[in-house]
Amino acid sequence: MAARKPRMAVFELAGCRVEPGSHQHVRLPAARLYNDAPLDLRVDVFHGVKPGPVLLLSAAIHGDELNGIEICRQIIQRINPLELAGTLIVVPIVNLFGFIQQSRYLPDRRDLNRCFPGSERGALGSRIAHLFNEELVQKASHIVDLHTGAIHRSNLPQIRVDIDNAQALAMAKAFGSPVILNSKERDGSLRALANSLDIPLILYEAGEALRFDDASINSGVVGVINVLKHLKMLKGRRQGRRISPVISSRSTWVRAEKDGLVLRKVELGQTVQPDQVLAHIASPHGDDVDVITSPVPGIIIGCTNIPVANEGEALFNIAQFESDSLEEATDIIDSFTETYE
């Protein structure tokens, strides 16, 4: 007699029951505005027909990081729970206050991504982090967290992960961004919370705050689908051109040594060599020019978009690679750019 296949149980979230093979919108009461209007955390739950992982996909922990919201929107449109193994939980906007105000921060200027695991009786950020942790993170077996660069700063599509975590590194490689940056957790971050719970998490960084970037969004959508396939939550082969990302063990920020106008000489994704000119810092009065050069070989994975700077301001983020990997990294980024732009 053939063994029976395990029957998928109902998935429960915040008192809502999601039947196998269904998609349900769940609202988590998060806070209230000054006018007493409720502010709910909107969650989309796709509960599959076969057992499998529970993947939490989140965006806009920083409220001005919009690319991730659009990635989530497109993923919501693409997923059919009848074709899904396991459960996909999608939270397009975590920092509701920041999104409404087009701000990275909460109203009290706290960074929500420094408030985890949170507390029921703490400050606003701590309370939202507590709700997110208790209702969503605790139910997840894997997490993909979507980010962009800060305001007026662009990031090359990249995955940040602790490469010593084998499961997270495998997810990062499956995602298919050109660069994986070895990055340790920061206290109070969602990644630190996930690590403490032994939940593999990858962080996707791409584009600029308050802006849509088509290449970053398209590669992000493909990346999430690839992770779902890697986890065997969806069937089929990976989407897009197969890209084997290169791993950068560290990155270096290059800062302005004086105040002035920034005359940039390199672009995001460009390979640079030691002593190569990255920018000129010029006086607005035209009588003084300072040269900014690269201290290391590598690839520009982040840069400022404002052509003025104060002394000490970060201008370029350079990912460093082993000497025999730099040429490979250049080829991979060229291939990635050709695919998505």
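**Exercise 1. Cavities**

How many cavities of 30 Å³ or more does the structure hold? Then describe the lining of the second largest cavity.

*Solution.* 
Step 1. The model is a predicted one. It holds 2 cavities of 30 Å³ or more.
Step 2. Take the second largest cavity. Its volume is about 40 Å³.
Step 3. List the lining: Val161, Asp162, Asn165, Ala168, Arg191, Asn195 and Leu201.
Step 4. Sort by class. The lining of this second largest cavity has 3 nonpolar, 2 polar and 2 charged residues.

**Exercise 2. The largest pocket**

Give the volume of the largest pocket, then work out which residues and strands line it.

*Solution.* 
Step 1. The volume of the largest pocket is about 680 Å³.
Step 2. The lining has 29 residues, and those closest to the pocket centre are Arg104, Arg114, Arg160, Arg186 and Glu205.
Step 3. Assign elements. At least two lining residues each come from strand S8 (153-161), strand S10 (201-208), strand S12 (250-255), strand S17 (298-304) and strand S19 (314-320).
Step 4. S8 has the largest share of the lining, 4 residues.
Step 5. Sort by class. The lining of the largest pocket splits into 6 nonpolar, 12 polar and 11 charged residues.

**Exercise 3. A helix pair**

How do helix H4 (residues 166-175) and H6 pack, by angle and axis distance? Classify the pair, then list the contact residues.

*Solution.* 
Step 1. Two packed helices are described by the angle between their axes and the distance between the axes.
Step 2. For H4 and H6 the angle is about 130 degrees, and the axes lie 8 Å apart.
Step 3. H4 is therefore oblique to H6.
Step 4. List the contacts. From H4 come Ala170, Met171, Ala174 and Phe175; they meet Ser219, Gly220, Gly223, Val224, Asn226, Val227 and His230 in H6.
Step 5. Sort by class. The contact of H4 with H6 has 6 nonpolar, 5 polar and no charged residues.

Terms used. Residues numbered from 1 in each chain as written. Predicted model: local features only at pLDDT ≥ 70, side-chain atom pairs only at ≥ 80, totals over all residues. Heavy atoms only, no water. 1 Å grid on protein atoms, 1.4 Å probe; cavity = no way out; pocket = protein on both sides within 12 Å on 5 of 7 lines; lining within 4 Å. Points joined across faces, edges and corners; volume = space filled by probe spheres on them. Nonpolar A, V, L, I, M, F, W, Y, C, P; charged D, E, K, R; others polar. Axes fitted to C-alpha atoms, helices over the stretch in contact; angles between N-to-C directions. Parallel < 35°, antiparallel > 145°, perpendicular 65-115°, else oblique. Contact = heavy atoms within 4.5 Å.
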